[in-house]
Amino acid sequence: MIFLDPKSDIAFKKLFGDLTHKNILISFLNSVLERVEGEKIVDVTINDPNNVAETPLSKTSIVDVRCTDQCNNQYILEMQVITQQDYAARAQYYSALALSRQLASGEKYHKLVPVIFVGILDFKLFKSKHYLSHHLILDNKTYIQELKNFEFHFIELEKFNKEIDTLTTILDKWIYFLKHAVTLQKIPANFKDPILKEAFDVLAQSNWSKKELEAYDRYLDAIRSSASQLDTAYDQGRFESKIEIAKQLLDVLDVDTIAKKTGLSIKEIEKLKR
């Protein structure tokens, strides 16, 4: 059996942005937010099923699902596959936008409801070794959460290194699923929860239409193209930096030594001298 990558644009939306599979979204959010009985999300409404891209680039790197629970709390569930070191600032910015757009002209602030941001990252963002982090606004002496309109929760997939036979919680299994589903050929034996089995069924390639598979392939191609462009820009920047260093050393070191120091070839350095 072939499973598609849940980190991809179209698969992520199919998993978490489809009301016919809203139990998948509910289970995942309750797991990540570590909700206890009495606080769990029991129902959601998908706010933006069409997920219009903010920019052409965002369509190849960021995809989100926005939903509202039975208490009217708003959630932004977002997948980020390309490294973005200012992602934490971006998460706060978009959460602030979501909060500000809740009020129509003349409405009172008491109508604001919490915006809860959940970011799934395919790279490392924070210095902590923990793959799941929760960020709330707390009083720095009492640690009481008086300001309750923002929550931020981040999953850093690169930091999750548990083996399949060590997964004990539903949260462990969800994160393993996100990171490894595309490499599996069958549903693991210890994934007995019917919601997890439903999630695997959504990703099964045999259940996708030709049109959906074509969109999936276009997404993968766009990601590879973006990564290649970044690598090219990095390599070009390194080469230009070496050239500048070599120029500064021409008057004080011989060609062989400059070559060893910079990694440039003797031919490239002699060309600089000319």
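Which helix does Leu220 lie in? Leu220 belongs to helix H7 (residues 210–249), where helices (H or I, at least four residues) and strands (E, at least two) are DSSP runs numbered from the N terminus. Keep in mind that this is a predicted model: local features need pLDDT of at least 70, side-chain atom pairs count only at pLDDT 80 or more, and totals for chains, interfaces and linings use all residues. Residues are numbered from 1 along each chain as its sequence is written, and side-chain values use heavy atoms, with hydrogens and water left out.

- Leu220 counts as partly exposed because its relative accessibility is 23%; buried means under 20% relative accessible area, exposed over 50%, and partly exposed in between (1.4 Å probe, protein chains only).
- Leu220 and Ser8 sit 212 residues apart in sequence, yet their C-alpha atoms are 7.5 Å apart in space.
- Helix H4 (residues 87–100) has 14 residues and should span 20 Å at 1.5 Å a residue, which agrees with the 20 Å between its end C-alpha atoms; the expected span is 1.5 Å times one less than the number of residues.
- The buried residues of H4 are Tyr87, Arg90, Ala91, Ser95, Ala98 and Leu99.
- As background, an α-helix has 3.6 residues a turn, so residues three or four places apart point the same way.

**Aromatic rings**

- The pair count comes to 18, with rings of Phe, Tyr and Trp (its six-membered ring) pairing if their centres lie within 6.5 Å; planes under 30 degrees apart count as stacked, over 60 as edge-to-face and the rest as tilted.
- Take Phe177 and Phe200, an edge-to-face pair with 4.9 Å from centre to centre and 85° between the planes.
- That pair links distant parts of the chain, 23 residues apart: Phe177 is in helix H5 (residues 170–180) and Phe200 in helix H6 (residues 194–203).
- Phe177 and Phe200 are both buried.
- Ring pairs also tie together a cluster made of Phe3, Phe12, Phe16, Phe28, Trp174, Tyr176, Phe177, Phe191 and Phe200.
- Over at Trp208, the charged end of Lys14 sits over the ring, 5.3 Å from its centre; the rule asks for NZ of Lys or CZ of Arg within 6 Å of the ring centre and within 35 degrees of the ring normal.

**Salt bridges**

- Searching the whole structure turns up 8 salt bridges, each being a side-chain nitrogen of Lys or Arg within 4 Å of a carboxyl oxygen of Asp or Glu.
- Asp5 bridges to Lys7, with the closest N and O atoms 3.0 Å apart.
- Asp5 is buried because its relative accessible area is 15%, and Lys7 is buried at 9%.
- Lys40 bridges to Glu37, with 3.1 Å between the closest N and O atoms; Lys40 is partly exposed at 32% relative accessibility, whereas Glu37 is exposed at 68%.
- Asp172 and Lys162 meet through their side chains at 3.0 Å, N to O.
- This bridge links distant parts of the chain, 10 residues apart, with Asp172 in helix H5 and Lys162 in the loop between E6 and H5.
- Asp172 counts as buried at 2% relative accessibility, and Lys162 as partly exposed at 32%.

**Nonpolar surface patch**

- Leu136, Leu138 and Tyr143 make a nonpolar surface patch of about 310 Å².
- Patches take residues with over 30% relative accessible area and no salt bridge, joining like charges within 9 Å and nonpolar side chains (Val, Leu, Ile, Met, Phe, Trp, Tyr) within 5 Å; areas come from the Shrake-Rupley method with a 1.4 Å probe, and for residues only the protein chains shown count as cover.
- Leu138 lies in the loop between strand E5 (132–137) and strand E6 (147–156), and counts as partly exposed at 39% relative accessibility.
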